[in-house]
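Here is a colleague's note to read beside the model. Take the points in order and find each residue as you go.

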Amino acid sequence: MTLPRPDRPGPDARPRLPRPHRHDVLIAVAGFSVGVLLWSYGLYTTGDRVFDQRWAALVPLTVMAAAEAGRRVAPRTALLLGTSAIVADQFTNGNLATVLMFTDVVYAAVVYGTPAQARRVPYTTALVTVATTVTFLVWWQNAIALLVGVITGMVSFLPAITGSIVRNHREAAEAARLRTEQIALLAEMDRAQAVAAERARMARELHDVVANHLSAIAIHSTAALSLDDPGTTSRALTVIRENSVAGLAEMRRLIGLLRDSGAETEPAATASLAGLDALVAQAGTNGAASGLSFVLEDARRDGPGLPAPVELAAYRIVQESLTNALKHAAPGEVRVALARVDGALRVTVTSRYGERPGPRAPGSGAGLVGMRERVALLRGSLEAGAVAGDGDAKVWRVRVELPVDVSEEERA
């Protein structure tokens with residue numbers, strides 16, 4: 001057996017009336033009290049009406065107080081009750097508190113009502129004001145009719161216009177607040193995206209800086225441990241020391257870039273294609289024990305200079321390709337070719353594809369991911385994979401084309 005939850009009414013439960021706001025209840029009680037006080041002293045607004053009994057003025061006052069209590073939770077119903085009460089009040093001696101509370105009910109109907117109601121009430125009250133003025137002017141044909149029209153406008157049209165102005169200001173403030181929140185959210189998203197992009201850039205730089213030297217260290221240290229030859233061990237230790245010193249220098253340069261962000265410090269030198277000769281020579285030293293030889297063909301030496309982002313990306317791509325060749329290439333020639341083709345820099349690195357004897361360094365695949373990210377940032381193209389070479393041999397080829405015209409956004 002399932003018992004109904006106390007916070008969920010059953011199918012036979014009657015709909016609950018909205019609970020008035022406590023401020024509205026206080027306003028209604030205060031208005032009713034003032035009206036009773038005026039009534040007790042016999043302070044009426046008019047005299048000689050249809051219902052001239054003394055108690056008759058309390059009926060519209062009570063109804064108006066009830067409408068005042070529901071001005072916020074049920075503005076439409078409150079307006080209908082208030083309109084009925086103010087009309088009925090005209091057939092009694094009248095009470096000033098009834099009239100004042102009616103102006104507040106009209107104001108609340110515009111401020112707290114639906115958008116359609118907020119648009120209709122000012123027009124309706126304006127038409128009522130004009131119709132009342134014209135009717136009494138035709139009937140009485142004197143200046144008192146104009147005074148009645150002015151009073152009608154002050155009681156109905158003026159509160160409606162005031163409520164419309166207040167509502168428009170509130171909606172404008174709410175729209176401004178929402179725009180501020182959206183701007184703050186977009187700023188936070190941009191900040192998070194910038195942080196993620198910077199983290200990815202730092203990861204690529206660290207990988208490119210460290211992987212080449214650590215791969216050579218791993219290969220030669222493995223060779224030194226596996227071969228009991230003093231000469232081989234001495235050469236391996238020499239290569240290990242050279243790569244350790246070079247790796248530390250690269251790490252210091254990168255850490256200097258991260259730390260020295262002020263305007264007073266000189267920026268550290270950025271890797272460029274001018275250092276390819278030393279990079280290929282270092283790779284030749286590292287790969288000699290594995291039967292690898294490295295050749296550099298630079299066909300763009302006499303061409304115009306390249307943007308710094310293009311040079312840095314090309315340098316890092318060549319560096320990562322040489323590192324991959326040291327890890328995985330079969331003994332043979334590793335060729336690095338650079339050329340300018342149709343407004344783009346083409347970088348091609350080829351090496352023999354297949355198994356090789358001797359120690360190999362493990363790989364995680366992060367190098368290719370980093371190369372693709374660098375190429376994508378410059379809107380270039382990347383091809384990496386095994387292709388047919390001379391005869392039956394296969395070669396591993398990395399071909400990259402980087403546009404030479406780099407926008408200001410890509411330069412940043």
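**Notes on the model**

1. Start with Gln117, which sits in helix 5 (residues 115-140). Helices here are DSSP runs of H or I with at least four residues, and strands are runs of E with at least two, numbered from the N terminus. This is a predicted model: local features need pLDDT of at least 70, side-chain atom pairs count only at pLDDT 80 or more, and totals for chains, interfaces and linings use all residues. Residues are numbered from 1 along each chain as its sequence is written, and side-chain values use heavy atoms, with hydrogens and water left out.

2. Is Gln117 buried or exposed? Gln117 counts as buried because its relative accessibility is 8%. (Buried means under 20% relative accessible area, exposed over 50%, partly exposed in between, with a 1.4 Å probe and protein chains only.) Leaving out residues up to four places away in sequence, Gln117 touches Pro75, Arg76 and Ala109. Contact means heavy atoms within 4.5 Å.

3. Helix 9 has 19 of its 21 residues buried. Helix 9 spans 30 Å from first C-alpha to last, close to the 30 Å expected at 1.5 Å a residue. That expected span is 1.5 Å times one less than the number of residues.

4. Two loop residues deserve a look. Gln141 lies between helix 5 and helix 6 (143-226). Its phi is near 55°, positive in a residue other than glycine. Arg379 lies between helix 10 (366-377) and strand 4 (381-388). Arg379 is not a glycine either, yet its phi is about 60°. Gln141 counts as exposed at 66% relative accessibility, and Arg379 counts as exposed at 65%.
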